[in-house]
Amino acid sequence: VQLQAFGGGLVQAGGSLRLSCAASGTIFSINDMGWYRQAPGNERELVAVSTTGSRTNYVDSVKGRFTISRDNAKDTVYLQMNSLRPEDTAVYYCNALVARWRFDVPRMYWGQGTLVTVSS
């Protein structure tokens, strides 16, 4: 299973970016899909997660600005980021809890990371 993330870049404060992450390979089902980020000198933190029941959770600092969504037919998760701030600057990683076949124990897979830089 591979996860490929796209959409990072340089944006001015107040701007928007949309990240996408597509899962490929041997996939029977995907449970949770989410986004994490890691800024220089900081630990990786959860940004947003989308569960199989279509529930979503966000870290407090992005509530009202970021929206996570997913296209289950495409095994893809998105992160729409609006009103970006310099403190949102980080490498963003996607992950997915994937079962590769019917009785497989779901495992967490990670994408390669995409850099988001927000200038002031």
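1. Ground rules. The model is predicted, so local features need pLDDT of at least 70 and side-chain atom pairs count only at pLDDT 80 or more, while totals for chains, interfaces and linings use all residues. Residues are numbered from 1 along each chain as its sequence is written, and side-chain values use heavy atoms, with hydrogens and water left out.

2. Strand β4 and its partners. Strand β4 covers residues 29-38 and pairs with β9 in the antiparallel sense over eight bridges. Strands are DSSP runs of E with at least two residues, numbered from the N terminus. Two strands pair if DSSP finds at least two bridges between them. Arg37 has Tyr92 as its bridge partner in β9. Strand β4 also runs antiparallel to β5 (residues 45-50), with five bridges. There, Trp35 is partnered by Ala48. β4 and β5 form a hairpin with six residues between them. Gly41, in the turn, has a positive phi of about 80°.

3. Asn95. This residue sits in strand β9 (residues 90-99). Asn95 is buried, at 5% relative accessible area. Buried means under 20%, exposed over 50%, and partly exposed in between (1.4 Å probe, protein chains only). Leaving aside residues up to four places away in sequence, Asn95 touches Leu3, Asp32, Met33, Gly34, Tyr36, Met108, Tyr109 and Trp110. Contact here means heavy atoms within 4.5 Å.

4. The aromatic pair. The structure holds one such pair. The ring centres of Tyr36 and Trp110 are 5.0 Å apart and the planes stand at 65°, so the pair is edge-to-face. Tyr36 belongs to strand β4 and Trp110 to strand β10, so the pair ties together parts 74 residues apart in sequence. Rings of Phe, Tyr and Trp (its six-membered ring) pair if their centres lie within 6.5 Å; planes under 30 degrees apart count as stacked, over 60 as edge-to-face and the rest as tilted. Tyr36 is partly exposed, with a relative accessible area of 22%. Trp110 is partly exposed too, at 38%.

5. Strand β11. Side chains alternate along residues 114-119. Thr114, Val116 and Val118 point to one face and are buried. Strand β2 (residues 9-12) runs parallel to β11, joined by four bridges. Val11 stands opposite Val118. Strand β9 runs antiparallel to β11, with three bridges. Tyr92 stands opposite Thr114.

6. Nonpolar surface patch. Phe28, Trp101 and Phe103 form the patch, with about 420 Å² of accessible area together. Areas come from the Shrake-Rupley method with a 1.4 Å probe; for residues, only the protein chains shown count as cover. Patch residues have over 30% relative accessible area and no salt bridge; like charges are joined within 9 Å, nonpolar side chains (Val, Leu, Ile, Met, Phe, Trp, Tyr) within 5 Å. A salt bridge is a side-chain nitrogen of Lys or Arg within 4 Å of a carboxyl oxygen of Asp or Glu. Phe103 lies in the loop between β9 and β10 (107-110). Phe103 counts as exposed, at 71% relative accessibility.

7. Asp75 has a positive phi of about 50° although it is not a glycine. Asp75 lies in the loop between β7 (66-71) and β8 (76-81), and is partly exposed at 23%. Ser83 also has a positive phi of about 50° without being a glycine. Ser83 is in the loop between β8 and β9, and counts as partly exposed at 40%.
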